[in-house]
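Subject: The structure I promised you

Hi there,

Here is the structure we talked about, so please open it and keep it on screen while you read. My notes on what turned up in it follow just below.

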Amino acid sequence: MRKLLLAILGIVLALPVSFSQTKPKLSAAVTPFVKEEAGVIVLAHVRVVDGTGAAARSDQTLVIADGKIIALGDSGTTKIPDGAKVLDLAGRTVIPGLVGMHDHMFYPSPGGGLPLYPEHASSFPRLYLAGGVTSIRTTGSLEPYADLELKDAIDAGKLAGPKIHVTGPYLEGQGAFALQMHQLKDAEDARQMVEFWIARGATSFKAYMNITPDELSAAVKAAHAHGIKVTGHLCSIGFREAAALGIDDLEHGIEVDTEFFPDKKTGVCPNPQAAAKALLSMDIASKPMQDMIHDLVAHHVAVTSTLPVFETSVPGRAPLDSRVLDAMTPEARLAYLTRRARISDNAATSDAAVIFKKELEFEHEFSKQGGLLLAGLDPTGYGGVIAGFGDQREVELLVEAGFSPLEAIHIATSNGAEFLGELDKIGTLAVGKAADIVVLQGDPSTNIKDVEKVELVFKDGVGYDCAKLIESAKGMVGLR
Ligand SMILES: [Zn+2]
(Lines give C-alpha, C1' and ligand atoms only; values in the text may rest on other atoms or scores of the structure.)
Protein backbone atom coordinates (compact mmCIF):
# COMPACT_ATOMS: atom_id res chain seq x y z
CA MET A 1 0.00 0.00 0.00
CA ARG A 2 2.77 2.38 1.02
CA LYS A 3 4.71 1.43 -2.11
CA LEU A 4 1.68 2.06 -4.30
CA LEU A 5 1.16 5.44 -2.65
CA LEU A 6 4.79 6.38 -3.29
CA ALA A 7 4.47 5.25 -6.91
CA ILE A 8 1.39 7.45 -7.39
CA LEU A 9 3.18 10.33 -5.69
CA GLY A 10 6.10 9.77 -8.06
CA ILE A 11 3.78 10.06 -11.06
CA VAL A 12 2.25 13.26 -9.72
CA LEU A 13 5.72 14.77 -9.12
CA ALA A 14 6.77 13.79 -12.64
CA LEU A 15 3.86 15.62 -14.30
CA PRO A 16 4.91 18.59 -16.43
CA VAL A 17 4.84 22.06 -14.93
CA SER A 18 1.91 23.05 -17.12
CA PHE A 19 -0.23 20.86 -14.83
CA SER A 20 -0.06 23.70 -12.35
CA GLN A 21 1.66 26.63 -13.97
CA THR A 22 1.67 28.98 -11.01
CA LYS A 23 2.24 26.61 -8.11
CA PRO A 24 4.15 23.40 -8.78
CA LYS A 25 4.04 20.77 -6.05
CA LEU A 26 7.22 21.18 -4.01
CA SER A 27 9.29 18.02 -3.57
CA ALA A 28 10.84 16.65 -0.38
CA ALA A 29 14.11 18.26 -1.49
CA VAL A 30 12.48 21.69 -1.29
CA THR A 31 9.95 21.57 1.56
CA PRO A 32 12.54 21.50 4.41
CA PHE A 33 13.57 25.02 3.33
CA VAL A 34 10.03 26.38 3.12
CA LYS A 35 8.90 28.48 6.06
CA GLU A 36 5.80 30.22 4.68
CA GLU A 37 3.41 28.82 2.12
CA ALA A 38 -0.07 29.76 3.29
CA GLY A 39 -2.64 30.51 0.59
CA VAL A 40 -2.75 34.16 1.61
CA ILE A 41 0.17 35.74 3.46
CA VAL A 42 0.21 39.27 4.84
CA LEU A 43 3.48 41.09 5.53
CA ALA A 44 2.29 43.67 8.04
CA HIS A 45 3.92 46.83 9.46
CA VAL A 46 6.95 46.50 7.21
CA ARG A 47 9.19 49.13 5.62
CA VAL A 48 8.98 48.92 1.83
CA VAL A 49 11.80 49.71 -0.59
CA ASP A 50 9.96 48.96 -3.81
CA GLY A 51 12.92 48.90 -6.21
CA THR A 52 11.76 51.83 -8.35
CA GLY A 53 14.26 54.10 -6.62
CA ALA A 54 11.45 55.76 -4.63
CA ALA A 55 12.03 56.55 -0.95
CA ALA A 56 11.38 53.87 1.66
CA ARG A 57 7.80 53.83 3.02
CA SER A 58 7.32 52.82 6.63
CA ASP A 59 4.47 50.82 8.20
CA GLN A 60 3.20 49.22 5.02
CA THR A 61 1.15 46.08 4.52
CA LEU A 62 1.72 43.76 1.58
CA VAL A 63 -0.65 40.91 0.72
CA ILE A 64 0.48 37.81 -1.19
CA ALA A 65 -1.94 35.35 -2.84
CA ASP A 66 -1.49 32.85 -5.68
CA GLY A 67 2.21 33.69 -5.84
CA LYS A 68 1.52 37.36 -6.56
CA ILE A 69 1.34 40.67 -4.73
CA ILE A 70 -2.39 41.47 -4.55
CA ALA A 71 -2.30 44.51 -2.27
CA LEU A 72 0.31 46.98 -1.02
CA GLY A 73 -0.29 50.13 0.98
CA ASP A 74 -0.40 51.87 4.36
CA SER A 75 -1.08 49.49 7.24
CA GLY A 76 -3.97 51.64 8.43
CA THR A 77 -5.95 51.34 5.18
CA THR A 78 -4.89 48.07 3.54
CA LYS A 79 -7.52 45.39 4.01
CA ILE A 80 -6.35 42.07 5.44
CA PRO A 81 -8.26 39.18 3.78
CA ASP A 82 -10.11 36.76 6.07
CA GLY A 83 -8.14 33.64 6.94
CA ALA A 84 -4.80 35.15 5.86
CA LYS A 85 -1.61 34.30 7.72
CA VAL A 86 -0.31 37.59 9.10
CA LEU A 87 3.41 38.12 9.76
CA ASP A 88 4.16 41.16 11.90
CA LEU A 89 7.34 42.54 10.36
CA ALA A 90 7.89 45.69 12.42
CA GLY A 91 11.59 46.59 12.27
CA ARG A 92 12.04 44.72 8.98
CA THR A 93 12.31 45.93 5.40
CA VAL A 94 11.15 44.28 2.19
CA ILE A 95 12.92 44.79 -1.12
CA PRO A 96 12.27 43.05 -4.46
CA GLY A 97 14.15 39.79 -5.10
CA LEU A 98 17.53 40.59 -6.61
CA VAL A 99 17.99 39.97 -10.33
CA GLY A 100 21.56 38.67 -10.70
CA MET A 101 22.86 39.39 -14.18
CA HIS A 102 26.32 37.76 -14.05
CA ASP A 103 25.41 34.81 -11.91
CA HIS A 104 27.19 31.71 -13.12
CA MET A 105 26.45 28.22 -11.84
CA PHE A 106 30.18 27.40 -11.56
CA TYR A 107 33.11 28.23 -9.29
CA PRO A 108 36.88 27.79 -9.83
CA SER A 109 38.36 24.45 -8.85
CA PRO A 110 40.94 24.94 -6.07
CA GLY A 111 42.89 21.88 -7.23
CA GLY A 112 45.73 23.48 -9.24
CA GLY A 113 46.61 22.16 -12.71
CA LEU A 114 44.45 23.25 -15.63
CA PRO A 115 41.88 25.98 -14.91
CA LEU A 116 38.57 24.17 -14.43
CA TYR A 117 35.21 25.41 -13.24
CA PRO A 118 33.06 22.65 -11.76
CA GLU A 119 29.30 23.13 -11.97
CA HIS A 120 27.88 24.02 -8.55
CA ALA A 121 24.34 22.86 -9.20
CA SER A 122 24.15 21.57 -5.62
CA SER A 123 25.18 24.55 -3.51
CA PHE A 124 24.74 27.62 -5.73
CA PRO A 125 20.96 27.53 -6.38
CA ARG A 126 20.31 27.40 -2.63
CA LEU A 127 22.91 30.08 -1.89
CA TYR A 128 21.51 32.41 -4.55
CA LEU A 129 18.03 32.05 -3.10
CA ALA A 130 19.33 32.47 0.46
CA GLY A 131 21.03 35.71 -0.59
CA GLY A 132 17.74 37.14 -1.81
CA VAL A 133 18.45 36.47 -5.49
CA THR A 134 15.19 35.25 -7.02
CA SER A 135 16.16 35.54 -10.71
CA ILE A 136 19.50 34.99 -12.39
CA ARG A 137 21.02 35.08 -15.84
CA THR A 138 23.85 32.52 -16.02
CA THR A 139 25.87 34.76 -18.39
CA GLY A 140 28.01 32.04 -20.00
CA SER A 141 27.58 28.37 -19.34
CA LEU A 142 30.22 25.66 -19.07
CA GLU A 143 27.68 22.87 -18.57
CA PRO A 144 24.73 24.17 -20.57
CA TYR A 145 22.75 20.94 -20.34
CA ALA A 146 23.17 20.94 -16.55
CA ASP A 147 22.02 24.59 -16.37
CA LEU A 148 18.95 23.77 -18.50
CA GLU A 149 18.06 20.65 -16.50
CA LEU A 150 18.56 22.57 -13.26
CA LYS A 151 16.23 25.31 -14.45
CA ASP A 152 13.54 22.74 -15.31
CA ALA A 153 13.97 20.98 -11.96
CA ILE A 154 13.60 24.26 -10.04
CA ASP A 155 10.60 25.38 -12.11
CA ALA A 156 8.95 22.00 -11.47
CA GLY A 157 9.45 22.32 -7.70
CA LYS A 158 11.96 19.47 -7.52
CA LEU A 159 14.88 21.62 -6.30
CA ALA A 160 15.19 24.90 -4.41
CA GLY A 161 16.69 27.81 -6.32
CA PRO A 162 16.07 31.02 -8.22
CA LYS A 163 14.34 31.48 -11.58
CA ILE A 164 17.09 30.80 -14.09
CA HIS A 165 17.63 32.45 -17.47
CA VAL A 166 20.10 30.11 -19.09
CA THR A 167 22.82 31.66 -21.22
CA GLY A 168 24.26 29.37 -23.91
CA PRO A 169 27.85 28.11 -23.78
CA TYR A 170 30.57 30.75 -24.20
CA LEU A 171 31.07 31.99 -27.74
CA GLU A 172 34.86 32.01 -27.60
CA GLY A 173 37.35 32.31 -30.43
CA GLN A 174 40.72 30.63 -30.88
CA GLY A 175 42.95 30.96 -27.80
CA ALA A 176 40.53 30.01 -25.00
CA PHE A 177 42.22 29.70 -21.61
CA ALA A 178 39.78 27.06 -20.37
CA LEU A 179 39.26 23.61 -21.91
CA GLN A 180 35.58 23.74 -21.01
CA MET A 181 35.03 26.29 -23.79
CA HIS A 182 34.55 25.42 -27.45
CA GLN A 183 36.82 27.50 -29.71
CA LEU A 184 34.89 28.81 -32.69
CA LYS A 185 36.30 28.02 -36.12
CA ASP A 186 34.53 30.78 -38.03
CA ALA A 187 31.37 32.87 -38.34
CA GLU A 188 29.32 29.89 -39.57
CA ASP A 189 30.35 27.91 -36.49
CA ALA A 190 29.14 30.81 -34.31
CA ARG A 191 25.81 30.94 -36.13
CA GLN A 192 25.31 27.17 -35.76
CA MET A 193 26.15 27.24 -32.07
CA VAL A 194 23.61 30.00 -31.43
CA GLU A 195 20.87 28.20 -33.40
CA PHE A 196 21.60 24.86 -31.68
CA TRP A 197 21.37 26.25 -28.14
CA ILE A 198 18.33 28.44 -28.79
CA ALA A 199 16.53 25.27 -29.90
CA ARG A 200 17.44 23.70 -26.54
CA GLY A 201 16.32 26.56 -24.33
CA ALA A 202 19.14 29.11 -24.08
CA THR A 203 17.65 32.60 -23.79
CA SER A 204 20.85 34.64 -24.10
CA PHE A 205 24.46 34.33 -25.25
CA LYS A 206 27.81 35.60 -24.12
CA ALA A 207 30.67 36.35 -26.49
CA TYR A 208 34.08 35.84 -24.98
CA MET A 209 37.54 37.32 -25.09
CA ASN A 210 38.99 35.97 -28.35
CA ILE A 211 35.88 36.04 -30.54
CA THR A 212 36.52 37.73 -33.93
CA PRO A 213 34.35 40.58 -35.24
CA ASP A 214 32.95 38.27 -37.97
CA GLU A 215 32.01 35.62 -35.43
CA LEU A 216 30.40 38.16 -33.10
CA SER A 217 28.47 39.71 -35.96
CA ALA A 218 27.15 36.28 -37.08
CA ALA A 219 26.20 35.35 -33.51
CA VAL A 220 24.37 38.64 -32.92
CA LYS A 221 22.43 38.32 -36.21
CA ALA A 222 21.38 34.75 -35.46
CA ALA A 223 20.37 35.56 -31.88
CA HIS A 224 18.50 38.76 -32.77
CA ALA A 225 16.52 36.87 -35.43
CA HIS A 226 15.01 34.97 -32.46
CA GLY A 227 14.61 38.06 -30.28
CA ILE A 228 17.51 36.89 -28.11
CA LYS A 229 20.19 39.18 -26.65
CA VAL A 230 23.95 38.84 -26.71
CA THR A 231 26.33 40.10 -24.08
CA GLY A 232 30.11 39.93 -24.05
CA HIS A 233 33.20 39.83 -21.92
CA LEU A 234 35.40 41.04 -24.73
CA CYS A 235 39.08 41.65 -25.25
CA SER A 236 39.72 41.23 -28.97
CA ILE A 237 36.93 43.74 -29.67
CA GLY A 238 36.60 47.15 -28.02
CA PHE A 239 33.34 48.46 -26.56
CA ARG A 240 32.50 50.88 -29.39
CA GLU A 241 33.21 48.29 -32.06
CA ALA A 242 31.00 45.77 -30.23
CA ALA A 243 28.22 48.38 -30.00
CA ALA A 244 28.46 48.92 -33.75
CA LEU A 245 28.22 45.14 -34.28
CA GLY A 246 24.92 45.12 -32.36
CA ILE A 247 25.87 43.72 -28.95
CA ASP A 248 23.23 44.31 -26.25
CA ASP A 249 25.30 44.28 -23.05
CA LEU A 250 28.94 44.44 -21.98
CA GLU A 251 30.16 42.54 -18.94
CA HIS A 252 32.51 43.88 -16.24
CA GLY A 253 32.92 47.48 -17.42
CA ILE A 254 35.96 49.58 -18.21
CA GLU A 255 38.44 47.10 -16.68
CA VAL A 256 38.06 44.90 -19.75
CA ASP A 257 37.65 47.52 -22.50
CA THR A 258 40.78 47.25 -24.64
CA GLU A 259 39.97 50.04 -27.10
CA PHE A 260 42.19 52.58 -25.36
CA PHE A 261 45.25 50.35 -25.62
CA PRO A 262 47.59 52.29 -27.95
CA ASP A 263 48.70 49.32 -30.09
CA LYS A 264 45.31 47.62 -30.27
CA LYS A 265 44.97 45.52 -33.45
CA THR A 266 41.54 44.70 -34.88
CA GLY A 267 40.25 41.35 -33.65
CA VAL A 268 43.30 40.67 -31.47
CA CYS A 269 43.32 40.58 -27.69
CA PRO A 270 46.20 42.71 -26.34
CA ASN A 271 48.34 41.57 -23.44
CA PRO A 272 46.08 42.04 -20.39
CA GLN A 273 48.80 43.59 -18.20
CA ALA A 274 49.65 46.10 -20.94
CA ALA A 275 45.97 46.91 -21.45
CA ALA A 276 45.57 47.48 -17.70
CA LYS A 277 48.56 49.86 -17.75
CA ALA A 278 46.93 51.81 -20.61
CA LEU A 279 43.78 52.11 -18.55
CA LEU A 280 45.73 53.56 -15.59
CA SER A 281 46.46 56.74 -17.53
CA MET A 282 42.84 57.21 -18.67
CA ASP A 283 40.56 59.69 -16.97
CA ILE A 284 36.83 58.86 -16.91
CA ALA A 285 36.10 62.57 -17.58
CA SER A 286 38.36 62.60 -20.66
CA LYS A 287 36.85 63.03 -24.12
CA PRO A 288 37.61 59.54 -25.53
CA MET A 289 36.08 57.93 -22.45
CA GLN A 290 33.01 60.21 -22.55
CA ASP A 291 32.60 59.56 -26.30
CA MET A 292 32.66 55.81 -25.64
CA ILE A 293 30.03 56.15 -22.88
CA HIS A 294 27.78 58.28 -25.11
CA ASP A 295 28.16 55.74 -27.91
CA LEU A 296 27.06 52.86 -25.66
CA VAL A 297 24.09 54.85 -24.39
CA ALA A 298 23.08 55.84 -27.95
CA HIS A 299 23.20 52.17 -29.03
CA HIS A 300 21.22 51.06 -25.93
CA VAL A 301 24.07 48.83 -24.82
CA ALA A 302 23.81 47.90 -21.13
CA VAL A 303 26.82 47.34 -18.86
CA THR A 304 26.90 44.63 -16.21
CA SER A 305 28.73 45.60 -13.05
CA THR A 306 30.67 42.72 -11.42
CA LEU A 307 32.49 44.58 -8.65
CA PRO A 308 32.81 41.67 -6.18
CA VAL A 309 35.15 39.70 -8.46
CA PHE A 310 37.33 42.77 -9.06
CA GLU A 311 37.43 43.56 -5.37
CA THR A 312 39.17 40.24 -4.67
CA SER A 313 42.27 41.41 -6.59
CA VAL A 314 42.56 44.58 -4.50
CA PRO A 315 45.07 43.98 -1.68
CA GLY A 316 43.35 43.45 1.66
CA ARG A 317 39.81 43.67 0.32
CA ALA A 318 38.77 40.12 -0.56
CA PRO A 319 36.04 38.95 1.87
CA LEU A 320 36.94 37.27 5.14
CA ASP A 321 33.42 36.97 6.57
CA SER A 322 32.87 33.66 8.26
CA ARG A 323 29.74 32.98 6.19
CA VAL A 324 31.86 33.11 3.03
CA LEU A 325 34.68 30.97 4.46
CA ASP A 326 32.25 28.46 6.00
CA ALA A 327 30.58 27.86 2.63
CA MET A 328 33.84 26.52 1.15
CA THR A 329 35.45 23.08 1.30
CA PRO A 330 38.67 23.07 3.39
CA GLU A 331 40.74 22.83 0.16
CA ALA A 332 38.92 25.75 -1.45
CA ARG A 333 39.29 27.85 1.71
CA LEU A 334 43.03 27.18 1.90
CA ALA A 335 43.57 27.94 -1.80
CA TYR A 336 41.57 31.17 -1.46
CA LEU A 337 43.31 32.41 1.70
CA THR A 338 46.76 31.57 0.30
CA ARG A 339 46.14 33.56 -2.88
CA ARG A 340 44.55 36.39 -0.91
CA ALA A 341 47.65 36.64 1.30
CA ARG A 342 49.96 36.69 -1.75
CA ILE A 343 47.96 39.60 -3.22
CA SER A 344 48.30 41.51 0.05
CA ASP A 345 52.05 40.78 0.19
CA ASN A 346 52.43 42.38 -3.24
CA ALA A 347 50.39 45.47 -2.35
CA ALA A 348 53.31 47.88 -2.90
CA THR A 349 53.52 47.04 -6.60
CA SER A 350 49.80 46.47 -7.29
CA ASP A 351 47.71 48.77 -9.48
CA ALA A 352 44.52 46.92 -8.59
CA ALA A 353 43.24 49.53 -6.11
CA VAL A 354 43.61 52.36 -8.65
CA ILE A 355 41.94 50.36 -11.42
CA PHE A 356 39.12 49.32 -9.08
CA LYS A 357 38.47 52.97 -8.24
CA LYS A 358 38.35 53.80 -11.97
CA GLU A 359 35.83 51.01 -12.48
CA LEU A 360 33.62 52.45 -9.71
CA GLU A 361 33.84 55.90 -11.34
CA PHE A 362 33.06 54.52 -14.79
CA GLU A 363 29.95 52.65 -13.66
CA HIS A 364 28.58 55.67 -11.85
CA GLU A 365 29.26 57.90 -14.84
CA PHE A 366 27.75 55.42 -17.34
CA SER A 367 24.54 55.30 -15.31
CA LYS A 368 24.40 59.08 -14.82
CA GLN A 369 24.72 59.53 -18.60
CA GLY A 370 21.60 57.38 -19.07
CA GLY A 371 23.15 53.94 -19.49
CA LEU A 372 21.37 50.84 -18.16
CA LEU A 373 23.65 49.43 -15.46
CA LEU A 374 23.03 45.81 -14.39
CA ALA A 375 24.35 44.01 -11.32
CA GLY A 376 26.04 40.65 -10.87
CA LEU A 377 28.79 39.03 -8.85
CA ASP A 378 30.81 36.81 -11.24
CA PRO A 379 31.77 33.90 -8.94
CA THR A 380 35.14 33.31 -10.64
CA GLY A 381 38.56 34.93 -10.25
CA TYR A 382 40.49 32.95 -7.67
CA GLY A 383 37.43 32.30 -5.50
CA GLY A 384 35.83 34.01 -2.53
CA VAL A 385 32.97 35.36 -4.66
CA ILE A 386 30.08 33.12 -3.71
CA ALA A 387 26.49 32.88 -4.93
CA GLY A 388 24.14 35.08 -2.91
CA PHE A 389 26.77 36.62 -0.62
CA GLY A 390 28.52 38.08 -3.67
CA ASP A 391 25.25 39.50 -5.00
CA GLN A 392 24.73 41.34 -1.71
CA ARG A 393 28.31 42.59 -1.82
CA GLU A 394 27.64 43.95 -5.32
CA VAL A 395 24.83 46.14 -3.96
CA GLU A 396 27.15 47.46 -1.23
CA LEU A 397 29.88 48.22 -3.77
CA LEU A 398 27.45 50.14 -5.96
CA VAL A 399 26.96 52.42 -2.97
CA GLU A 400 30.73 52.77 -2.70
CA ALA A 401 30.65 53.78 -6.39
CA GLY A 402 28.50 56.78 -5.46
CA PHE A 403 24.94 55.51 -5.85
CA SER A 404 22.48 56.03 -3.03
CA PRO A 405 21.29 52.81 -1.36
CA LEU A 406 17.91 53.24 -3.10
CA GLU A 407 19.63 53.61 -6.48
CA ALA A 408 21.84 50.59 -5.82
CA ILE A 409 18.80 48.44 -4.97
CA HIS A 410 17.04 49.74 -8.09
CA ILE A 411 20.02 48.71 -10.24
CA ALA A 412 20.18 45.23 -8.69
CA THR A 413 16.44 44.58 -9.08
CA SER A 414 14.52 46.71 -11.58
CA ASN A 415 17.32 47.24 -14.11
CA GLY A 416 17.97 43.52 -14.50
CA ALA A 417 14.25 42.84 -14.90
CA GLU A 418 14.04 45.59 -17.51
CA PHE A 419 16.93 44.16 -19.52
CA LEU A 420 15.39 40.67 -19.37
CA GLY A 421 12.07 42.07 -20.64
CA GLU A 422 10.39 40.95 -17.40
CA LEU A 423 9.67 44.25 -15.69
CA ASP A 424 5.93 43.59 -15.97
CA LYS A 425 6.39 40.48 -13.76
CA ILE A 426 9.39 41.06 -11.47
CA GLY A 427 11.97 43.67 -10.43
CA THR A 428 9.82 45.98 -8.29
CA LEU A 429 7.23 45.51 -5.58
CA ALA A 430 3.83 46.34 -7.05
CA VAL A 431 0.34 44.89 -7.18
CA GLY A 432 0.06 42.24 -9.90
CA LYS A 433 3.74 41.32 -9.90
CA ALA A 434 5.23 38.03 -8.73
CA ALA A 435 5.75 37.85 -4.98
CA ASP A 436 9.55 37.71 -5.26
CA ILE A 437 10.37 39.53 -2.04
CA VAL A 438 13.34 39.69 0.34
CA VAL A 439 12.59 40.26 4.04
CA LEU A 440 15.54 41.88 5.83
CA GLN A 441 16.28 43.00 9.34
CA GLY A 442 17.02 46.70 9.62
CA ASP A 443 16.85 49.33 6.90
CA PRO A 444 19.09 49.03 3.82
CA SER A 445 17.84 52.42 2.57
CA THR A 446 19.95 54.04 5.30
CA ASN A 447 22.53 51.31 5.96
CA ILE A 448 23.30 49.25 2.87
CA LYS A 449 25.08 46.58 4.95
CA ASP A 450 21.60 45.51 6.11
CA VAL A 451 21.16 43.96 2.67
CA GLU A 452 23.06 41.00 4.18
CA LYS A 453 20.53 40.51 6.99
CA VAL A 454 18.12 38.36 5.01
CA GLU A 455 15.59 36.38 7.02
CA LEU A 456 13.07 35.16 4.49
CA VAL A 457 13.02 35.08 0.72
CA PHE A 458 9.74 34.75 -1.12
CA LYS A 459 9.79 33.35 -4.65
CA ASP A 460 6.37 33.26 -6.31
CA GLY A 461 4.80 33.66 -2.88
CA VAL A 462 6.62 30.78 -1.18
CA GLY A 463 8.78 31.95 1.74
CA TYR A 464 12.18 30.24 2.09
CA ASP A 465 14.23 30.15 5.28
CA CYS A 466 17.54 31.83 4.50
CA ALA A 467 19.48 30.29 7.42
CA LYS A 468 18.41 26.74 6.54
CA LEU A 469 19.39 27.17 2.90
CA ILE A 470 22.86 28.44 3.89
CA GLU A 471 23.33 25.67 6.45
CA SER A 472 22.48 23.04 3.81
CA ALA A 473 25.26 24.27 1.50
CA LYS A 474 27.98 24.59 4.17
CA GLY A 475 31.39 23.28 3.16
CA MET A 476 30.36 22.57 -0.44
CA VAL A 477 31.72 25.49 -2.46
CA GLY A 478 34.83 24.56 -4.44
CA LEU A 479 33.49 21.10 -5.16
CA ARG A 480 29.77 20.98 -5.96
ZN1 LIG B 1 31.82 35.63 -15.88
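Leu 114 is exposed, with a relative accessible area of 55%. You can find Leu 114 in the loop between E7 and helix H2, which covers 123-130. Together with Leu 116 and Leu 179, Leu 114 makes a nonpolar surface patch of about 320 Å². Please keep in mind that this is a predicted model, so every value here is computed from its atoms.

Next, two residues with a backbone angle to look at. Asp 66 has a phi near 55°, which is a positive value in a residue other than glycine. Asp 66 sits in the loop between strand E3 (57-65) and strand E4 (68-74). Thr 139 is a residue other than glycine with a positive phi too, near 50°. Its place is the loop between strand E8 (133-137) and helix H3 (144-155). Is each of them buried or exposed? Asp 66 is exposed, because its relative accessible area is 66% and the cut-off for exposed is over 50%. Thr 139 is buried, with a relative accessible area of 0%.

Now for the charged pairs. Side chains of opposite charge can pair when their charged atoms come close. How many salt bridges does the structure hold? There are 27 salt bridges in the structure, and here are three of them to look up.

Start with Asp 189 and Lys 185, which form a salt bridge whose closest N and O atoms are 3.9 Å apart. Asp 189 counts as buried, because its relative accessibility is 15% and buried means under 20%. Lys 185, in contrast, is exposed, with a relative accessible area of 64%.

Then go to Glu 311 and Arg 393, another salt bridge, where the closest N and O atoms are 2.7 Å apart. This pair links distant parts of the chain: Glu 311 belongs to helix H9 (residues 307-311) and Arg 393 to helix H13, 82 residues apart. Glu 311 has a relative accessibility of 3% and counts as buried. Arg 393 is partly exposed, at a relative accessible area of 24%.

Arg 317 lies in the loop between H9 and helix H10 (322-327), while Glu 400 is in helix H13, so the pair ties together parts that are 83 residues apart in sequence. What about their exposure? Arg 317 is partly exposed, with a relative accessible area of 26%, and Glu 400 counts as partly exposed as well, at 40% relative accessibility.

Which residues are linked in a network of salt bridges? Glu 311, Arg 317, Asp 321, Arg 323, Arg 393, Glu 396, Glu 400, Lys 449 and Glu 452 are.

The largest cavity holds about 40 Å³ of space. Strand E7 (98-100) and helix H13 (389-400) are the elements that give two or more residues to the lining of the largest cavity.

Around the second largest cavity you will find Asp 257, Thr 258, Phe 260, Phe 261, Ala 275, Ala 278 and Leu 279. These lining residues divide into five nonpolar, one polar and one charged.

Cys 466 lies in helix H15, residues 466-472. At 6% relative accessibility, Cys 466 counts as buried. The C-alpha atoms of Cys 466 and Ala 199 are separated by 35 Å, and the two residues are 267 residues apart along the chain.

Enjoy looking around, and write back with any questions!

Best wishes

Technical notes
Residues are numbered from 1 along each chain as its sequence is written. This is a predicted model: local features need pLDDT of at least 70, side-chain atom pairs count only at pLDDT 80 or more; totals for chains, interfaces and linings use all residues. Side-chain values use heavy atoms; hydrogens and water are left out. On a 1 Å grid over the protein atoms alone, a cavity is a set of points where a 1.4 Å probe fits but cannot get out, and a pocket is an open set with protein on both sides within 12 Å along at least five of seven lines; lining residues have an atom within 4 Å of a point. Grid points are joined across faces, edges and corners, and a volume is the space filled by probe spheres set on the points. Helices (H or I, at least four residues) and strands (E, at least two) are DSSP runs, numbered from the N terminus. Ala, Val, Leu, Ile, Met, Phe, Trp, Tyr, Cys and Pro count as nonpolar, Asp, Glu, Lys and Arg as charged, and the others, Gly among them, as polar. Patches are made of residues with over 30% relative accessible area and no salt bridge: like charges are joined within 9 Å, nonpolar side chains (Val, Leu, Ile, Met, Phe, Trp, Tyr) within 5 Å. Accessible areas come from the Shrake-Rupley method with a 1.4 Å probe; for residues, only the protein chains shown count as cover. A salt bridge is a side-chain nitrogen of Lys or Arg within 4 Å of a carboxyl oxygen of Asp or Glu. Buried means under 20% relative accessible area, exposed over 50%, partly exposed in between (1.4 Å probe, protein chains only).
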